[in-house]
Structure formats: C-alpha cells, structure tokens
Amino acid sequence: MTTSTGEPLTERLAGQLRRAGADEVRFAADLDELAALVDAADGPLLITAADLVAHTAVLRHLATSPVGPTVALVLTDPPVPGRTAVREERGQVVDAGPLEALDGDATGVFGGALRVGVDDLPTLAAAARAAASGVLPVAAPIGPVGDVSPLPAAGGAGHGVPGSAVDRLVAGLAALGTLIFAQRVRLLVAHRVTDASGLAAAEAAVTAVDEDRAELRLSVKEKDDFFSTYFVSTWSPYVVRLSARLRLTPTGVTAISVLFALAAAVLFGVGGRPALVGGAVLLYLGFVLDCVDGQLARYTRHFSAWGGWLDTMADRAKEYLVYAGLGFGVSHAGLGNGWALAIAAMTLQTVRHMTDTWYGVLHDEAARRPRVAAGASGGIGDRLNAASTRVQADTGSVSYWLKRTVVFPIGERWALIAVTVALFNPLVSLIAVLVWGVLAFAYTGALRTLRARWMWVPVLDTVDATLHRDDGPLARRLPVVRPMGPLTLAVLAALGPAVLLVVALLGDAPGGLRWAVPVALLVLLAGGLGAGAAHNGPLDWLVPAALRAAEYLFAIAVGVVGDVPGWLIFGYVFVLTVHHYDLTARLEKRQAAPPLHAATLGWEGRSVLLALAAIAGIAGIGLATLGAYLLVLFVVSVVLAWFVRPAHSARAFVAPVSAGGAAPR
C-alpha cells in the first residue's frame, strides 16, 4: 500500500524503525527466511507487519519497554478474521490465537509488532518454523509473508500480507510458553489497515495527535494511587519537561529526592512548628520528585536495571530516614519512646513489603497458567478474585479508589506523615502510620490468603528458595522436618523472639532476661528446619516475610534485653532491611544474587552471633559491629555488581588489535 506522501508503507515503517533506535532493518520473504535470520541474530529483534500505521513513538516504546525481554503490541481494535486475539492478565499475554479459540475471553488484538529478547530467540525461530509448517494453531491461512527485520542491537522490521505471518508468529510463541508482556498504545495511535480507505483514516488519526504532548502525558502511570493521581501527577509532567530540558537523568532526580527526604527528616528531629511545617513541605516535594524520576525515565526512554534497582532502594531508604527523624523528634521533645515507634513502623512496613513482593510473584505465576490456577473453581477465593477484577475495571469509581487507598500505598503514607506532623507532632504521625499500617496489613493479608489458597500456585519453587529465604550455612545443614511445612516452621520461629520481646518490654528489668535469649534462639532456629523442604504449598509465598519478621524481632529483643540505645537498634534493623530489599529488588529486576551474599551469614547465622553477644553482655557492641559489617558488605556488593563486573564484561568483548590494524582471528 502507498501512503499519502506517495512512499510505500513498508518503506515508511523501515524509516520509523530506524528513528525508534533500530541499527539495521532487513526483510524476510516468509517465515522460513525469518527463522534463518533469527538464527544469525545476536541481539533483540523488533518484528512488524506491513499493515501497521502508528506513531514512531509506539515503536520506540516497544523497543525500549522495561517490563520484560519479549513484548507484544496490543490494541483495543475489534478483532477481525485473520488477526490474532490475545488475553492479557497483569500485563502479560497469557493466551493468543483466533478469536473463537479464546472462548470470549479476549481482551485485545495483537497490534502487528513484537520485540523479542535474546533469550527467547531460539523459541522465536522454532515458532517461525512451526507456524510456517502449520504445526501450531494459526490465526489465518498460510499465505505470503511480510518483511521481518532482525537487528543486532535493537531489533528488526517486517512487512507482508495483512494478518498472516506475524500473527501466526505471536500465536506460535504463546503456544510454546514464551513469557510475553503486553504494550498498550493508550494516547498514541496504532492501527492495522487492510485497504486504502483504512490507511487514510489511520494516517489522519496519527496526524491528529501531538506526539510529544502525548508522550509527556504517557510518562504518568496509567493506574496510580489516589494521592499520586490527584495531588502529584496533575502538575509533575511540567517538572518532567523541565528536567528533560535541563538534561537531568532519572538517577539525578532520585538523588535530589533523597536529599529532600533527608532534609525533612532533620527538620522533624529538630521540632518546633516552623521546622515541622517546613519538613512536611519538603517531604511532599520529595515525593513529587520520587514520581518525577520514573516519569522522566518513561518520557526520555532512559531505562536501566541499575536505575530501577536504585529507585526501589532509594524509596525505602527515604521512608525509613523519615521514620528515624520522627522517632528522634518524639524522644527529643519528651513525648515518649520515639525510637520504639520508629522501629515498629519500619519493621511493619518491611514485612508488609515482603508479602507484597511475593504476592505479586504469585499473581504473575498464576496469570501465566490460569487454567491450573483456577483448577478449583468456585468458593470464596473465586468470588474474591471476580470481585477484585470488577473493582479494578471500574476505574475512577469510589470502590476503585477505596481499594487502592485502603492498602496504604507510599503516596498515602507520605501524605499522612506530612499532614499529621504539620498539624500535630511526630508522635501523632508515627502512631497514625502504625495504626493505618496494621489495619492495611490485616486487610490485605486476609484477602490475599483466601485468594492464594484458591489459586494454589507455588512460587518459591520457581526461584532459588535458599537465596530468597536468606538462609545461611547453618540453616542449610539443619535436618528437614517436612510434615510441618516451611511456613509453619517460619511462623513458629517468629513466636519465640516475639514472646521474649513482649516480656522484656513489659518487665521492670529486661536485663535479667539474658538467660531467655538462648531459648528464643532455639525457637528461632526452628525456621531453618524447613529450609530443605519443598515450598509448594498455597501459602508458602509468605515464608520470606515470616523469616524477616522472626529475625527483626529477635534483633530488637536482643537490643531491649541488652539495654541498647534505641537509635542503635533502629540502625541495625535498618541495615537488615537494606540487605533484604536488595534481594527483592533483584528479584523484581531479574538480577542475579548479590556478589557477596554468602558472606552475610544468613538470618540464622546473624542471630546466633547476636545471641552470643547478648549472653556475653555486649549486645550493643554486637549490634554495632555486625551492622557495620553488613553495611560494608552491601556497599562492596553494589560496587561489584553494578560497576566493576559490568566494566570487566564490557572490556572482555573488545578484541585486541594487532600492529597491522586487523583484529586477530
């Protein structure tokens, strides 16, 4: 087909792909030729059909999408014969094929563009050959195939008879079990056309949209929390545009937001109405910048694993620095034991985050195998799942916002802190955070437990359970008690430290409980008896959170029994949370284990050392020394993982050049 400018549509697509970042564009006559091109590729590929009319930004977003290695363009256009319909769940394409094969569960149609990551290239070649031979279900009769272009660095481009080759290809990838993420168009335009009138209409729709303005609006998350949506994202895009003009990077904005949070924490500690109000304003502005860094990354398409990891770690560090400022402010003003409240808020929030992370992994795993997950249909879990889906679909309704707000997300937490500390004092702020946090934890915990029992999808068995349990050498050598299950043992492990902590807090002489520390340690070590067992129960995704709670409670109990200053206990637990957030951030960003993880001794090894320090009467020295050791390990691991090793890998790919100027073979 010929565009309004007189050039073939395929040539315009090739130009758009180059502007979207493609290094090279090639054409394939059929799926067999595509398979041969894929076999020779050594980088991600971008494959398009010849009937696609879209903004260049649509292709650039697909090529740079950070959600996963393999991403498909998904449109909301009504499905037509010859097109592949898709069923999307939690951003994943969980099924693809002819519309009638999806039994009315289709949520969109394949948009004719697909980015395939390096690890999925062998599956792509197999899917191309299988689809060409008719082995896999096809979305249309086999016919002439459009051009597909593999690119060594950015991907490739393609063209062909509408609704043929690329549709069969994505259906084949899905049939082979490839994890495909969905890329929606939203404010931009993308259509697949079949004739000249459709082409003209699609071109008119593309021209009618200001591409840059749409990209700026697209930098804001499609579904964010209430406070972020109405009190931040209404004006943060202006900051995003200014930041882009100033050539600020997302990492630079993250660093500035940390400074704002640190300044707010200092003012909360200083106290006095002007300082508290000023701290509240800085906290709000810091949260705005916390949103801007992600929006700037989406607007400029500057994504990196390092940036995503740093953003996750900075979010937690900022929040806990604020808790420290509030805790110091409470104690400094003589309002009570502020450090105890700050420690409680940090511990509660961390354990909540651990459950959030692993429930997300559970839900993603369930989405990838919906038939297995829904095997036991009916019952309360099924009804809760259906109700949650209905509420999430009713965007903007009262029930929708209540559901998103009641779970106490970070925007609401920062807003609550800013308002309560400005109007009242740090004590009211910490109590408010704890009360709402406990209620949110109870609400989400109860509902997620019911839904997880209904889904019955194991997740810890799909990853390195030893790593994410944070087991050390002692736990790996303990005998395995299988009948009780790892979750029961992890919960039991938390009970001993919890009892010791309660008794120490309520007693008049906590130092006299030094004899009880070994008893609590023995109960704690019960969690290690499940290290070698299969983690395939419906609730075993809670094991990491339970072990985190057990270790934190034991460390706090040792500090209380040893009469350690509150700020030191807070500091030690803070270092532990940094270590554990590093693990979950790497899980979310699909990164390998920290380089020096084995040297962290595991939750049980660290607890044994603290117990020995408590028995010897040097609990404070033990907490300070072990905390400093873990912090140094963390910093060194960060440098090794994100700077030293990548630099070595990059140098390894540079071939030495001989004196004659030719690279040796």
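**Exercise 1. Find the residue with a positive phi in the hairpin of β4 and β5, and describe the pairing around it.**

Step 1. Two residues lie between the strands of this hairpin, and Arg 90 takes a positive phi near 55°. The model is predicted: local features need pLDDT of at least 70, side-chain atom pairs count only at pLDDT 80 or more, and totals for chains, interfaces and linings use all residues. Residues are numbered from 1 along each chain as its sequence is written, and side-chain values use heavy atoms, without hydrogens and water.

Step 2. Strand β4 covers residues 85-89 and pairs with β5 in the antiparallel sense over five bridges. Pairing requires at least two DSSP bridges between two strands. Strands are DSSP runs of E, at least two residues; helices are runs of H or I, at least four; both are numbered from the N terminus.

Step 3. Arg 87 stands opposite Asp 95 in β5.

**Exercise 2. Is β5 mostly covered or uncovered, and which strand pairs with β5 over two bridges?**

Step 1. β5 spans residues 92-97 and is mostly covered, with six of its six residues buried. Buried means under 20% relative accessible area, exposed over 50%, partly exposed in between (1.4 Å probe, protein chains only).

Step 2. Strand β7 (residues 180-184) pairs with β5 over two bridges, in the antiparallel sense. Gln 92 has Phe 181 in β7 as its bridge partner.
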